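Have the picture open while you read.

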Amino acid sequence: MTAKILSGKEIAEAIKREVAAEVALITERHGVRPLLAVVRVGEDPASAVYVGSKVKTSEELGMLSEHHHLPVEATHEEVLAIVKDLNARPEVDGILVQLPLPAQVDEREILETIDPAKDVDGFHPVNVGKLSQGQKSLVPCTPAGVIEILKRSEIPIAGAHAVVIGRSNIVGKPMAQLLLQENATVTVCHSRTKDLPAVAATGDILVAAIGRAGFVRAAHIKPGACVIDVGINNVSDPAQAAELFGPDEIEKRLNTIAKRGFTLVGDVNPKEAKEKAGAFTPVPGGVGLLTVAMLMKNTVEAAKMRRKL
Ligand code: NAD
């Protein structure tokens with residue numbers, strides 16, 4: 001069997017087109033342009049890339065954006081003051097504090113200070129609570145993107161057994177809640193799960209959000225399952241790459257390692273998934289592309305809810 005590859009590109013583009021149309025509509029009808037404010041502290045290169053892409057995409061879709069960049073030595077109070085100021089400004093619809101934050105800044109207090117109505121990352125306890133109660137809320141972007149991939153690829157969720165590997169607050173737990181809301185039967189696996197491959201292999205839908213390159217192998221996959229790979233890992237060892245990629249892809253990957261020093265791989269072994277799954281998402285080009293698209297969607301949602309449009 002050769003699994004179908006579920007590309008995130010077309011789905012992310014479709015969502016962005018829908019968001020742009022909605023932005024145009026509310027701008028025309030209500031004279032409002034949603035505003036996303038992003039706060040970044042320090043010089044983490046990955047954070048700089050993510051924030052750049054969030055700001056650029058929001059502008060491409062017709063929204064307004066602000067980028068507040070503080071030096072790595074910024075104090076907790078300075079970051080807190082920016083968040084409070086953004087909370088108080090009525091024209092700001094969405095606030096996103098890019099993680100990770102430097103050690104002197106208390107991440108939890110910062111995230112809990114964000115006005116839940118502007119919490120476009122969906123990490124505030126009020127939004128987490130609403131999600132668990134099935135109330136309308138701002139939902140974390142990455143798991144929300146996974147649901148979009150499943151729905152738009154016509155993968156049945158209701159009644160399916162969905163297995164989520166990973167229980168982080170950012171991906172695993174909200175992923176499980178969203179699948180439950182869609183009427184899947186949900187199992188959550190983690191580092192203490194006994195005989196994890198056997199449990200994973202009962203999933204019609206298998207979501208991997210672990211942070212370990214190629215962790216999910218053939219033994220974890222039910223034949224024909226839909227495998228969603230959330231992981232983003234760097235692999236720099238050509239021998240490890242050879243374990244993960246077949247003849248169709250290995251040369252490209254080895255070239256990337258030679259050029260950049262690493263290649264991006266997910267938590268799933270794509271060579272084995274291709275043989276055993278019914279469908280799977282590639283890395284790069286899968287779930288990762290949905291995260292920014294869903295942030296844009298959340299920003300418009302926040303604008304509509306806050307402003308009662
Ligand atoms: P995390 O480190 O916070 O959580 C990892 C989870 O995996 C934990 O709950 C842990 O229990 C579980 N785990 C770790 N080792 C395990 C093992 N050996 N067996 C079973 N479970 C194990 O990570 P996270 O923030 O949830 O991210 C997970 C992955 O998803 C990372 O690779 C991250 O880079 C990626 N990610 C991607 C996006 C995206 O936009 N595509 C967004 C967020 C995170």
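## Around the ligand

Start at serine 168: an N or O atom in its side chain sits 2.5 Å from an oxygen atom of the ligand. That makes a polar contact, meaning a pair of N or O atoms within 3.5 Å.

| Residue | Part of the residue | Ligand atom | Distance |
|---|---|---|---|
| Serine 168 | N or O atom in the side chain | oxygen | 2.5 Å |
| Serine 191 | polar backbone atom | nitrogen | 3.2 Å |
| Threonine 291 | polar side-chain atom | oxygen | 2.7 Å |

On its own the ligand has 850 Å² of accessible area, and the protein covers 72% of that (Shrake-Rupley method, 1.4 Å probe).

Before going on, a word about where this comes from: the model is predicted, so to speak of local features takes a pLDDT of at least 70 and side-chain atom pairs count only at pLDDT 80 or more, while totals for chains, interfaces and linings use all residues. Residues are numbered from 1 along each chain as its sequence is written, and side-chain values use heavy atoms, with hydrogens and water left out.

Which residues come nearest to the ligand? They are Arg167, Ser168, Val230, Ile232 and Thr291, out of 19 around it (a heavy atom within 4 Å). The shell splits into 7 nonpolar, 10 polar and 2 charged residues. Nonpolar here covers Ala, Val, Leu, Ile, Met, Phe, Trp, Tyr, Cys and Pro; charged covers Asp, Glu, Lys and Arg; the others, Gly among them, are polar.

## Two crossing helices

Now find helix α1 (residues 9–30) and helix α6 (residues 141–152), whose axes come within 10 Å and cross at roughly 105°. Axes are lines fitted to C-alpha atoms over the stretch in contact, with angles from 0 to 180 degrees between N-to-C directions; helices are DSSP runs (H or I, at least four residues), and strands are too (E, at least two). So α1 and α6 are roughly perpendicular (65 to 115 degrees). Ile11, Ala14, Ile15 and Glu18 of α1 meet Glu148, Ile149 and Arg152 of α6 (heavy atoms within 4.5 Å).

Most peptide bonds are trans. Leucine 99 and proline 100, though, are joined by a cis one, with omega about 0°. Proline 100 lies in the loop between β4 (94–97) and α4 (107–113).

Terms used. Parallel < 35°, antiparallel > 145°, perpendicular 65-115°, else oblique. Polar contact = N/O pair within 3.5 Å; in protein donor to acceptor, adjacent residues only side chain to side chain.
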